[in-house]
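Dear colleague,

I am handing over the structure that follows, together with notes on what was found in it. Please keep it open beside this message as you read.

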Amino acid sequence: MNATRFLLRTSVLACATALHAQTLVRSVNGPAALARFGKACLLIPDQNGDGVKDVLLGAPGFNSGRGAIYCVSGAYLMTGVGASSLWSLAPTANAGDEFGTAIDDVGDVTGDGVRDYAVGQPGYDNPSSSTAGAVRLVNGATRTVVSLIQGSGFAALGTSLAACGDVNGNGVADLAVGAPAAGVTGMVFVLDGSSLDTSDFVSFVAIRTISGTSNDWSVGQSVSGGKDLTGDGVPDILIGAPHSDGPNTALDSGLVILFNPATSTSKKIYSSVLGEHFGTSVSVGDDYDGDGVADVVVGAPDFQNGTGYRIGRAVVLSGARIAALQQPYEMRSIPFASSVLPPPTHNDPDPNFRFGASVRAVADLNGDGVGDYMVGAPDFFTAAFPSGWNFRGVVRIYSGATGTQLSSIAGSATDKLGDGPGCSIGDLNGDGLRELIVTGSLADAGGTDSGVLRCYRLFPIAAVPYCIAKVNSLGCSPSVGSSGTASATSGAPFLVTCSQVINQKQGLLFYSHTPAFIPFQGGTKCVGAPAARTPIQDSGGSLVGNDCSGGFSLDFNARIASGIDPTLSSGSEVYAQFWSRDPASVSTTSPSNAIQFVINP
């Protein structure tokens with residue numbers, strides 16, 4: 001098998017449902033080689049009074065691993081004008097301390113009216129042990145470090161952080177901190193938000209402590225929180241333990257823990273998939289299924305799916321079912337692809353793309369009223385010609401409401417996009433739609449492992465064809481196309497067209513919100529059930545004889561605006577196919593290929 005064929009097959013499998021329309025707005029390279037800029041990403045309030053929110057990024061590899069954080073101007077990302085960096089902080093540290101591995105907004109702890117930030121420093125060495133780890137509070141007004149909360153032993157405290165709401169009811173948001181190397185199993189400490197400006201050992205500041213039991217290794221590798229899944233009025237905490245062996249000792253299968261701070265009880269969801277590292281990344285999301293309870297997204301980057309390669313997957317779990325311990329927990333399981341082919345030669349890398357190395361629930365990107373989520377595969381690569389491979393990385397964005405892939409963003413050569421969570425940053429250009437930041441902390445854009453930030457605009461999402469047309473009795477393949485953009489609000493037309501149709505024959509467009517690939521009347525039915533039909537049209541074309549000069553055209557935006565089908569709302573995914581008469585064929589029908597599109601806001 002040659003490299004071109006391998007690349008093609010992998011790309012088709014990976015992107016069969018992707019609607020590529022993202023536009024790269026701006027890039028910011030890391031400050032120096034080995035900085036790992038972009039390992040953490042956080043949208044923060046406007047820092048310089050220009051009316052645009054800004055972005056705080058961690059660079060834990062900066063200065064021999066001492067680490068730093070950088071504030072990137074949202075206005076610069078929008079316009080390209082002015083300084084890209086508004087401020088930075090690299091506190092006094094030892095090599096390998098890794099300040100900036102994790103960042104979160106903890107509100108105004110210092111009482112000066114400006115929001116403050118917790119920063120993880122998991123490599124911190126204290127006098128009694130190395131890699132004890134630490135959490136440091138950064139004053140948002142003075143941009144200085146005001147406290148040091150340190151771990152003990154080899155805990156790697158600060159590997160993960162999540163502001164988790166007011167757990168103890170004192171009116172101050174608290175902070176969950178992962179220490180995946182603490183003790184035998186790993187631990188998560190919930191710190192009182194009012195004590196984050198205190199320098200002490202974590203055991204004296206924690207108000208809750210969560211640890212695993214036998215075989216629950218690496219508890220706290222990932223953590224997320226801030227929403228009440230159990231319905232008791234207290235925000236719950238989601239914890240990942242990707243190296244857990246589970247009750248059946250499936251090595252490194254992984255575990256997710258839902259911890260209820262009100263009762264100090266845990267509900268555990270184990271994976272049974274050997275070696276997939278379920279829980280490497282976790283994110284509490286929106287209510288994706290409409291049951292009134294927030295749902296969660298979990299990454300399992302070493303999932304193999306029977307291929308022998310660690311292609312990875314993301315899993316969406318029902319928050320309500322986890323809280324009730326009611327199976328099935330999985331709402332969706334999203335592998336990188338159904339399968340991938342082996343490398344062309346033994347000298348080429350295996351396709352271990354590690355989809356799910358990062359997951360991030362984000363705000364509603366497609367305007368359908370439901371939050372969405374993105375999943376990173378930092379080890380995704382494609383062939384680089386004339387030889388070699390580009391480790392580009394890829395981040396895919398999914399509709400929270402339907403699970404359909406909205407877009408797929410691949411990096412440039414060596415970007416390794418998707419190892420960090422990225423973040424949505426709000427509407428930078430005033431078009432009513434959010435922009436999105438993705439990062440690759442191991443990108444070589446500014447030097448080896450310097451890291452990169454890339455800001456994208458996702459909309460408008462363009463329509464793409466899919467499926468296969470039936471060759472008609474004249475040897476032609478009816479072909480679907482489009483012009484314009486599907487929109488819930490635009491007055492401009494979005495024409496769905498079909499060419500290579502037999503002249504002077506009746507036909508129509510039918511559509512649904514799911515695809516299909518089913519044998520149908522000698523061809524393929526490309527649209528799932530239930531399907532809606534549009535009015536019958538005449539193909540036109542030559543007035544005499546039989547040829548393929550006919551065609552169809554339908555303004556789908558006019559159908560949306562008519563209100564005839566209330567399911568055609570902003571953010572809806574539509575799959576459409578033409579059908580027409582072909583009297584000379586056995587079935588007397590002629591199905592076209594199909595087109596997929598998202599109804600943009």
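This is a predicted model: local features need pLDDT of at least 70, side-chain atom pairs count only at pLDDT 80 or more; totals for chains, interfaces and linings use all residues.

Residues are numbered from 1 along each chain as its sequence is written, and side-chain values use heavy atoms, with hydrogens and water left out.

**The chain as a whole**

The protein chain has six helices and 43 strands, these being DSSP runs numbered from the N terminus (H or I over at least four residues for helices, E over at least two for strands). Its radius of gyration is 26 Å, close to the 25 Å that the globule rule gives for 601 residues, so the chain is as compact as a globular protein of that length; the radius is taken over C-alpha atoms, and the rule is 2.2 Å times the number of residues to the power 0.38. The C-alpha trace spans about 90 × 55 × 55 Å along its principal axes. Of the 601 residues, 55% count as buried, and the accessible surface comes to about 22000 Å², with 52% of it belonging to carbon and sulfur atoms (Shrake-Rupley method, 1.4 Å probe; for residues, only the protein chains shown count as cover). Among contacts (heavy atoms within 4.5 Å) with a separation of 6 or more, 57% are between residues 24 or more positions apart.

**The disulfides**

A disulfide is a covalent bond between the sulfur atoms of two cysteines, and here the term is applied to a pair of cysteine sulfur atoms within 2.5 Å. By this rule the count comes to three.

In one of them, the sulfur atoms of Cys-41 and Cys-423 are 2.3 Å apart. Cys-41 lies in strand β2 (residues 40-44) and Cys-423 in strand β30 (residues 423-426), so this pair ties together parts that are 382 residues apart in sequence. Both Cys-41 and Cys-423 are buried.

Another disulfide joins Cys-467 to Cys-526, with an S to S distance of 2.0 Å, and the link is left-handed, with -80 degrees about the S-S bond. Cys-467 sits in the loop between β33 (464-466) and β34 (479-483), whereas Cys-526 belongs to strand β38 (residues 523-527), 59 residues apart. Cys-526 is buried, at a relative accessible area of 0%.

The residue that opened these notes, Cys-548, is bonded to Cys-476, their sulfur atoms being 2.0 Å apart. The torsion about the S-S bond is about 100 degrees, so this disulfide is right-handed. Cys-476 is in the loop between β33 and β34 and Cys-548 in the loop between β40 (537-538) and β41 (550-555), and the two are 72 residues apart. Cys-476 is buried, with a relative accessible area of 13%.

With bonded cysteines counted along the chain, the disulfides follow the pattern 1-2, 3-5, 4-6. Cys-71 is in no disulfide, since the nearest cysteine sulfur, that of Cys-41, is 11 Å away, and Cys-71 counts as buried at 0% relative accessibility. The sulfur of Cys-498 is 11 Å from the closest cysteine sulfur, in Cys-548, which is too far for a bond; Cys-498 is likewise buried, at 4%.

**The nonpolar cores**

A nonpolar core is a set of buried Ala, Val, Leu, Ile, Met, Phe, Trp, Tyr and Cys residues joined through side-chain atoms within 4.5 Å. The largest has 24 residues, of which Tyr-288, Phe-336, Phe-355, Tyr-373 and Val-375 touch the most other members. Two or more residues come from each of β22 (313-317), β24 (358-362), β25 (372-377) and β28 (394-398), and β25 gives the most, with three. Apart from this core lies another, of 20 residues, among them Leu-175, Met-187, Phe-189 and Val-205.

Leaving aside neighbours within four places in sequence, Val-375 is in contact with residues including Ala-314, Phe-355, Val-359, Val-394 and Tyr-398. β24 is mostly covered, four of its five residues being buried, and β24 pairs with β25 in the antiparallel sense over five bridges (pairing requires that DSSP finds at least two bridges between two strands). Asp-372 in β25 is the bridge partner of Val-362.

With best regards

Notes
Buried means under 20% relative accessible area, exposed over 50%, partly exposed in between (1.4 Å probe, protein chains only).
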